[in-house]
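Subject: Structure for you to look at

Hello,

Here is the structure I said I would pass on. Please open it first, then read the notes below with it on screen.

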Amino acid sequence: MIGEKKIPRILKKPGVIKDAIEISIVLLENKLQLLERNDPDTIVAFKEWFGQDDEGAKGIILERIKRVLRVSKKLSVENFKEINDKKSKTKYAEIYPDDELLMVYLGEEFWIAPITGKDSRCGVLIHELSHLNDIGGTFDYTRGESDCLMLARKDPSDALYNADSFEYFIEI
Ligand SMILES: [Zn+2]
């Protein structure tokens, strides 16, 4: 209850979620087009986040983007709940990778994140959806910008399946 006071209640509106869904779709469609036509800056970013840029790796990410897009277009505010325990304070969101009902559980960090850009609400949504087994089967091998860049250099095969790396590739 004390935590509630820190977040302006007005932010917790369905409109915030709807905006995150709609803008995520735009971001994903944009990145899909750029990657499909091998846009040079996009390929540089791809290599930076995933440590590789061969056709196999690009194929995996292209397919993942298409799947996240497909599921994003079916989402509504009904797919969202708030995390109901104290860990909520330090969390952006959670999802169960095998959840057929496809519920995204939002933590307090989600509401104070910017809508787009690094560690944004759109990025959080894209990150969570990538965890779904049918979508990307990604893991949280590591989090945060600098650790993800390091992972790409040290272990590209993990970077390819790291949710934050995928999030950064789409949102930045
Ligand atoms: Zn995650």
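The buried residues of helix α6 are R121, C122, G123, V124, L125, I126, H127, E128, L129, S130 and H131. That is 11 of its 11 residues, and the helix is mostly covered. Please keep in mind that this is a predicted model. The buried residues of α6 pack against helices α2, α4, α5 (108-112) and α9, and against the strands β2 (93-95) and β3 (104-106).

Helix α6 covers residues 121-131 and helix α9 covers residues 163-171; they pack at an angle of about 135 degrees, and their axes are 9 Å apart. The crossing of α6 past α9 is right-handed. On the α6 side the contact involves C122, G123, I126, H127, S130 and H131, and on the α9 side it involves A163, D164, F166, E167, I170 and E171. By type, the residues of this contact are 5 nonpolar, 4 polar and 3 charged.

The other neighbour is helix α2, residues 14-36, whose axis comes within 9 Å of that of α6 and crosses it at roughly 75 degrees. The two helices, α2 and α6, are therefore roughly perpendicular to each other. From α2 the contact uses A20, I21, I23, S24, L27 and L28, and from α6 it uses R121, C122, L125 and I126. Here the residues divide into 8 nonpolar, 1 polar and 1 charged.

Which residues does L125 touch, if those up to four places away in sequence are not counted? They are A20, I21, S24 and V104. L125 also belongs to the largest nonpolar core, which has 36 residues; W49, A93, L125 and I126 touch the most other members of that core.

W49 comes up again in a further helix pair. Helix α3 (residues 40-50) and helix α7 (residues 145-154) pack at an angle of about 90 degrees, with 6 Å between their axes. So α3 and α7 are also roughly perpendicular to each other. E48, W49 and F50 of α3 meet C148, L149 and A152 of α7. This contact has 5 nonpolar residues, no polar ones and 1 charged one.

Next, K58, which lies in helix α4 (residues 55-72). The C-alpha atoms of K58 and K47 are separated by 9.8 Å, and the two residues are 11 residues apart along the chain.

Last, two backbone angles to look up. L102 is not a glycine, yet has a positive phi of about 55 degrees. L102 sits in the loop between β2 and β3, and is partly exposed, with 18 other C-beta atoms within 10 Å. D119, also a residue other than glycine, has a positive phi near 50 degrees. D119 is in the loop between α5 and α6, and counts as partly exposed with 19 C-beta neighbours inside 10 Å.

Regards

Conventions
Residues numbered from 1 in each chain as written. Predicted model: local features only at pLDDT ≥ 70, side-chain atom pairs only at ≥ 80, totals over all residues. Core = buried A, V, L, I, M, F, W, Y, C linked by C-beta atoms within 7 Å. Buried ≥ 20, exposed ≤ 12 C-beta atoms within 10 Å, placed from the backbone. Contact = placed C-beta atoms within 7 Å. Axes fitted to C-alpha atoms, helices over the stretch in contact; angles between N-to-C directions. Helix = DSSP H or I, 4+ residues; strand = E, 2+ residues; numbered from the N terminus. Left-handed = near helix turned anticlockwise from the far one by under 90°. Nonpolar A, V, L, I, M, F, W, Y, C, P; charged D, E, K, R; others polar. Parallel < 35°, antiparallel > 145°, perpendicular 65-115°, else oblique.
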